[in-house]
Amino acid sequence: MREFREAVDARDHEAIDRLLADDVVFTSPVAFKPYHGRHITAAILRGAIRVMGDGFHYVREYSSADGRDHALMFETTIDGKALTGTDFIHVNDDGKIDDFMVMVRPLTAAQALAEAMGAQFERIGQEAAEAATRPSTVDTWRS
């Protein structure tokens, strides 16, 4: 998880994208259905970084004995409301993130996050669609 945390801290979107499996499943704290695929997950993570801003930081990390499951606790402020959350991450046999679930609290901050992310969702959808139609450095690297 060191690579992922470093990529998030550096706001390095390409590095984050490279760490995602093509079949990654992203479960949002505010959406009913999970999202499937690297392009949409990467776009959602870019949107979350924009929304959570410079105040976002990880405060704790827990890992399973086999190193495949991780819980990364974070803090930030959304619309003046303190938000605490946890990214639950699983990596596959290739070391790529194949499951990414986010949980947040308290409810007022979760509602502010939902509103802020909702305002980003048209852009998120466009970014995901554009990424799916053009070769990226990740796609080129895999060839």
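Strand 5 (residues 81–91) and strand 6 (residues 97–105) form a hairpin with 5 residues between them, and Gly 95 in the turn has a positive phi of about 80°. Here helices (H or I, at least four residues) and strands (E, at least two) are DSSP runs, numbered from the N terminus, and two strands count as paired if DSSP finds at least two bridges between them. Strands 5 and 6 run antiparallel and are joined by 8 bridges, with Asp 87 standing opposite Val 102 in strand 6. The model is a predicted one, in which local features need pLDDT of at least 70 and side-chain atom pairs count only at pLDDT 80 or more, while totals for chains, interfaces and linings use all residues. Residues are numbered from 1 along each chain as its sequence is written, and side-chain values use heavy atoms, with hydrogens and water left out.

Strand 4 pairs with strand 5 in the antiparallel sense over 10 bridges; Met 73 has Thr 86 of strand 5 as its bridge partner, and Ile 78 has Lys 81. The hairpin of these two strands has 2 residues between them, one of which, Asp 79, takes a positive phi near 50°. Asp 79 is a residue other than glycine, and its relative accessible area of 66% makes it exposed (buried means under 20% relative accessible area, exposed over 50%, and partly exposed in between, with a 1.4 Å probe and protein chains only). Strand 3 (residues 57–63) and strand 4 (residues 69–78) are also antiparallel, pairing over 6 bridges, and Tyr 62 stands opposite Ala 71 in strand 4. In this hairpin, with 5 residues between the strands, Gly 67 has a positive phi near 75°.

Taken together, the strands belong to an open sheet of 6 strands in the order 2-1-6-5-4-3, with mixed pairing. Strand 2 (35–36) and strand 3 stand at the edges with a single partner strand each, so one side of each is left without a neighbour in the sheet.

Helix 3 lies across strand 1 (20–27), strand 2, strand 4 and strand 6, and runs at about 55° to strand 1. Contact means heavy atoms within 4.5 Å; axes are lines fitted to C-alpha atoms, for helices over the stretch in contact, and angles run from 0 to 180 degrees between N-to-C directions. Just after helix 3, Gly 53 takes a positive phi of about 65°. Helix 4 lies across strand 2, strand 4, strand 5 and strand 6, at about 70° to strand 5.

Two further backbone features deserve a look. Most residues other than glycine have a negative phi, and most peptide bonds are trans. Arg 11, in the loop between helix 1 (2–10) and helix 2 (13–18), has a positive phi near 55° and is partly exposed, with a relative accessible area of 23%. A cis peptide bond with omega of about -10° joins Arg 105 and Pro 106, and Pro 106 lies in the loop between strand 6 and helix 4 (107–133).
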